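The exercises below are meant to be worked through with the sequence and the model side by side. Try each task before reading its solution.

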Amino acid sequence: MVDADADVLADLAPTGVLRAAINLGNPVLAQGFAHAPAGVTVEIARAVASRLGVPVEFVCFDAARRSYQAMASGDADICFLAIEPAREAEVAFTAPYVVIEGVFAVPQGSPLRTVADVDAPGVRIAVKQGSAYDLYLTRTLRHATLVRGAESIEVFRAGGVEAVAGIRQPLTATVDADPGLRLIDERFMQIRQAVGTTRDRKPGTVEFLRSTVEAVKADGTVAAALRRSGQSDTLLAPPA
């Protein structure tokens, strides 16, 4: 299926292939391996490529910041990121295709019970560097401090912190497997995951991406991709 004019095609896929940066570090959005990724972001990328009438190539990373860097450096044409003010100066976003939640986990015996408890003087929170929740907490915390690393749970297990931040689904699975951990069920943020491209793309190109995302939300593609990858289709974002 081709649903893009020549200007959009030349602007968004100048190599004749749509190069999509996939973040395998977020298991809600992508699963599998670099040579054979799967998940909702992979299926959205295929839909964009189909509407362009070109093949798709997946460039896979283990962190959102690395997939962004690939796009910024010209090694990818689109990426899948959470909408955050720190990124919007350089990334043109679609509306979100899914909305996920950021939550905290703490040791079982911790006195911390609520999100407000966590944002307190002397509390140190482990986060994955460059993640959506790192950016959000950097912007919003008033008292607690962040300790960054390649993986938030690894930072937490190394000690010296009182809480760990993460995406609800994988952090819940970690807590379920570790009786020494407890989830604070209250979310501290909503993470609006969207398709992004560089700000230097033409207005028509950005509108093409935005309309494609709305189309795959409306026709059931996103919901079906979520179910196939073991995620709840309640994560589907509402229409823009």
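**Exercise 1. Find the residues that V56 is in contact with, leaving aside its neighbours within four places in sequence.**

Solution. Taking contact to mean heavy atoms within 4.5 Å, and leaving aside neighbours within four places in sequence, V56 is in contact with V17, L18, A20, A45, R46 and A49. V17 is 39 residues from V56 in sequence, yet their C-alpha atoms are 5.6 Å apart in space. Finally, V56 counts as partly exposed at 25% relative accessibility, where buried means under 20% relative accessible area, exposed over 50%, and partly exposed in between (1.4 Å probe, protein chains only).

A note on the source is in place here: this is a predicted model, in which local features need pLDDT of at least 70 and side-chain atom pairs count only at pLDDT 80 or more, while totals for chains, interfaces and linings use all residues. Residues are numbered from 1 along each chain as its sequence is written, and side-chain values use heavy atoms, with hydrogens and water left out.

**Exercise 2. Describe the overall build of the protein: what secondary structure does the protein have, and how does its radius of gyration stand beside that of a compact globule?**

Solution. Begin with the secondary structure, which comes to 10 helices and 11 strands. The radius of gyration is taken over C-alpha atoms, and the globule rule is 2.2 Å times the number of residues to the power 0.38. For 240 residues a compact globule would have a value near 18 Å, and the protein has 18 Å, which agrees. Along its principal axes the C-alpha trace spans about 60 × 35 × 30 Å. Of the 240 residues, 51% count as buried, and among the contacts with a separation of 6 or more, 70% come from residues 24 or more positions apart.

**Exercise 3. Identify the residues with the most contacts inside the largest nonpolar core, and then examine the aromatic pair that F80 forms.**

Solution. A nonpolar core is a set of buried Ala, Val, Leu, Ile, Met, Phe, Trp, Tyr and Cys residues joined through side-chain atoms within 4.5 Å. The largest one has 56 residues, and those with the most contacts inside it are I44, L52, I78, F80, Y97, F104 and I125. Helix 2 (residues 40-52) gives the most to this core, with 8 residues. Apart from it lies another core of 11 residues, among them A70, C79, L81 and A194.

For the rings, Phe, Tyr and Trp (its six-membered ring) pair if their centres lie within 6.5 Å, and planes under 30 degrees apart count as stacked, over 60 as edge-to-face and the rest as tilted. By this rule the count comes to 3 aromatic pairs. F80 and Y97 form one that is edge-to-face, at 6.1 Å centre to centre with 85 degrees between the planes. Because F80 lies in strand 5 (residues 78-82) and Y97 in the loop between strand 6 (91-93) and strand 7 (98-107), the pair ties together parts that are 17 residues apart in sequence. F80 is buried, with a relative accessible area of 4%, and Y97 is buried at 0%. Ring pairs also link F104, Y136 and F188 into a cluster.

**Exercise 4. Work out where in the chain R139 and E84 lie, and whether each is buried or partly exposed.**

Solution. A salt bridge is a side-chain nitrogen of Lys or Arg within 4 Å of a carboxyl oxygen of Asp or Glu, and the count comes to 14 salt bridges. In the one between R139 and E84, the closest N and O atoms are 2.9 Å apart. This pair links distant parts of the chain, with R139 in helix 6 (residues 132-140) and E84 in the loop between strand 5 and helix 4 (85-88), 55 residues apart. R139 counts as partly exposed at 45% relative accessibility, whereas E84 is buried at 5%. Elsewhere, E101, R168, D185 and R187 are linked in a network of salt bridges.

Technical notes:
Helices (H or I, at least four residues) and strands (E, at least two) are DSSP runs, numbered from the N terminus.
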